[in-house]
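Subject: Handover of a structure

Dear colleague,

I am passing the structure below on to you, together with my notes on what I found in it.

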Amino acid sequence: MVRRFLARILILDIHEDFGGHASRNEFQINDRRIIGYGGTMLLEAPGGFPDVATKLIKDLGIETQRFYKYFDQDLYPSLGLSRGLFFDEETFGSDHLAVGDITDPSVLAHSPLSAKARSDLVRLYKNDQHYLHDIPADQRGAILKNMDYRTYLKDYAGMDDEVLKVMQSAARSVWAVNIDAYPAYDAWSEAYPGFGDLNLGAGSSDHQEDLDEPYIFHFPDGNASIARLLVRKMIPAVASGDNMEDIVTARFDYGQLDNPQSPVRIRLNSTVVRAQHAGNNLSNPVKKTCLRRHLKPLSEKFGSSCPEYSRPEVLMQHGTSLQSLSTGGHMVMLTGMTRSLVKSPSTRIHGPKKNVTG
Ligand SMILES: Cc1cc2nc3c(=O)[nH]c(=O)nc-3n(C[C@H](O)[C@H](O)[C@H](O)COP(=O)(O)OP(=O)(O)OC[C@H]3O[C@@H](n4cnc5c(N)ncnc54)[C@H](O)[C@@H]3O)c2cc1C
C-alpha cells in the first residue's frame with residue numbers, strides 16, 4: 001500500500017546554509033576543492049544509538065561498518081607518529097616535547113615540570129579512586145554539574161598549578177573551550193582523567209559503549225554529510241545521487257530548497273521570532289509566524305502582529321505554512337536538522353532543543 005503524506009513542511013533557518021552546527025567548509029585552492037567539517041564532526045558510538053536514530057541512519061543509506069574501510073586507523077603509526085605532549089615556552093618557561101605515554105615517569109623526566117607536578121600528573125591518570133569521598137554519593141552528580149573541570153582538578157583532586165596548565169587545553173580539540181569552561185560532570189561522562197571509580201549511575205553504561213567503538217564514523221565534512229543526505233532525501237531535486245559516498249562531492253542546487261512545488265521547503269536567512277498555534281490549541285497548526293529575512297535589529301522589524309514589538313513591519317505571516325507534523329498535542333517545528341517541540345502556544349522559538357551528544 002502506498003502511503004501518502006499530505007503535510008507540507010517549511011524549515012526555517014537564520015543562517016545562509018542548512019544543517020545548523022552540522023555545517024560544511026569548502027575551500028577552492030587553485031584547481032583543488034578542499035572539504036572539511038565546520039562543526040559537529042562524527043557519529044559517536046552508533047552501535048549504542050536508540051532504534052529511531054539507527055533507523056534514520058539506515059534510511060539515509062549510511063552503513064556505519066563501511067567507515068572501518070574508509071577510515072585509516074593506522075595512519076599515524078604508519079607515519080611513525082606516536083602520542084606526546086608539547087610544553088611551550090610561553091606557559092612553561094621552555095619548549096619541550098615529551099614523546100610517549102605521559103603516565104610513564106621517564107617520559108616527563110626532562111620536561112619543565114616540577115617533581116611535584118610530575119607526580120601529580122601521574123596520580124591524575126593512574127589513580128583508580130575519585131576525589132569526592134567526602135560528598136554523599138547522592139549529591140556527587142549535582143556537585144559535578146555545577147562545577148567546571150578545572151575546579152574539580154584543583155579543589156577536589158588537589159592538582160598542582162602546573163598540572164592545571166597542562167590540562168587547560170584538554171577539552172579544546174573537541175569542545176573548543178578550555179577546562180575552566182567545561183563541566184566537571186561532562187568530563188566524568190567523557191572519561192577524562194581524575195574520576196577513577198566514580199559511579200554516578202546513569203551515563204556510566206553509555207560511557208562504556210562510547211569507549212568500545214572507535215572515533216571513525218565521520219565523513220570528510222563531518223556530520224554535514226548527514227545534513228546533506230537529509231536534505232536530498234526530503235527535496236530530491238536539490239542534488240543527484242543516492243548513496244553515502246556520492247553525497248560527499250554532490251553539488252547542491254540551492255535554488256531548489258524553497259521551491260513552492262515541493263512538500264518540504266527550506267528557507268534560509270530567515271529568523272523565527274514567534275510561532276503560535278491556532279486557537280491556542282496545541283493540536284492545531286501554527287497560525288502565525290513572524291520572520292525577518294535579513295538580520296536587522298528586532299526593533300526595526302516587528303510590529304502589530306507581534307505585540308511585543310512596537311514598529312509596524314512584519315515581513316511574513318504564515319497562516320498554514322507551518323503544519324503540525326505529529327500528534328500528541330505538540331506542533332513539531334523543524335529548525336536546523338532536528339525537531340523543536342513547541343510545548344506552549346505562547347512559546348517564542350529561539351532555537352531547537354540541544355541534543356545531549358558528544
Ligand atoms: C564543539 C561541539 C562539538 C560537537 N561535536 C559533535 C559530534 O562530533 N557529533 C555529534 O553527534 N554531536 C556533536 N555535537 C553536538 C551537536 O552539535 C548538536 O547535538 C547538534 O548540532 C544539535 O542539532 P540541532 O539541529 O538540534 O541544533 P543546531 O545544530 O544548533 O541547529 C539549530 C539551527 O537552528 C537555527 N535557529 C536557531 N534559532 C532560530 C530562529 N529563531 N529562527 C530560525 N532559525 C533558528 C540555527 O541557526 C541553527 O542553524 C557537538 C557540539 C559542540 C558544541
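What follows goes from the chain as a whole to its cores, and then to some single positions.

Please keep in mind that this is a predicted model. The protein chain holds 13 helices and 10 strands, and of its 358 residues 26% are buried. Among the contacts in the chain with a separation of 6 or more, 54% are accounted for by residues 24 or more positions apart.

I begin with helix α7, which spans residues 149–156 and in which Y149, R150, Y152 and L153 are buried. These four cover an arc of only 165° around the axis, which means that they lie on the same side of α7.

The largest nonpolar core has 25 residues, of which L121, Y149, Y152, L153, V163, A184 and W188 touch the most other members. Two or more residues of this core come from each of α5 (115–126), α7, α8 and α10, with α10 giving the most, namely 4 residues. Apart from this core lies another one, of 21 residues, which includes I235, I266, A275 and V286. To return to Y152, if its neighbours within four places in sequence are left aside, this residue is in contact with L144, M147, A157, A184 and G194.

Helix α12 deserves a separate paragraph. Of the 11 residues in this helix (residues 224–234), 8 are buried, so α12 is largely enclosed by the rest of the structure; the buried ones are A224, S225, I226, A227, R228, L229, V231 and R232. They pack against β2, β3 and β6 (264–267).

Two of those strands also pair with each other: β2 (residues 24–29) and β3 (residues 32–37) run antiparallel and share 6 bridges, and in one of the pairings E26 has I35 in β3 as its bridge partner. The two strands form a hairpin with 2 residues between them, and N30, in the turn, has a positive phi of about 55°.

There are also positive phi values at residues other than glycine. A45, with a phi of about 50° although it is not a glycine, lies in the loop between β3 and α1 and counts as buried because it has 20 C-beta neighbours inside 10 Å. A191, likewise not a glycine, has a positive phi of about 65° and sits in the loop between α10 and α11 (204–212); this residue is exposed, with 11 other C-beta atoms within 10 Å.

Finally, which residue is 9.8 Å from D59 in space, C-alpha to C-alpha, although the two are 170 residues apart in sequence? That residue is L229, which is among the buried residues of α12. D59 itself belongs to helix α1 (residues 51–59) and counts as exposed, because it has 11 C-beta neighbours inside 10 Å.

With best wishes

Terms used. Residues numbered from 1 in each chain as written. Predicted model: local features only at pLDDT ≥ 70, side-chain atom pairs only at ≥ 80, totals over all residues. Buried ≥ 20, exposed ≤ 12 C-beta atoms within 10 Å, placed from the backbone. Contact = placed C-beta atoms within 7 Å. Arc of directions from axis to C-beta. Core = buried A, V, L, I, M, F, W, Y, C linked by C-beta atoms within 7 Å. Pairing = 2+ DSSP bridges.
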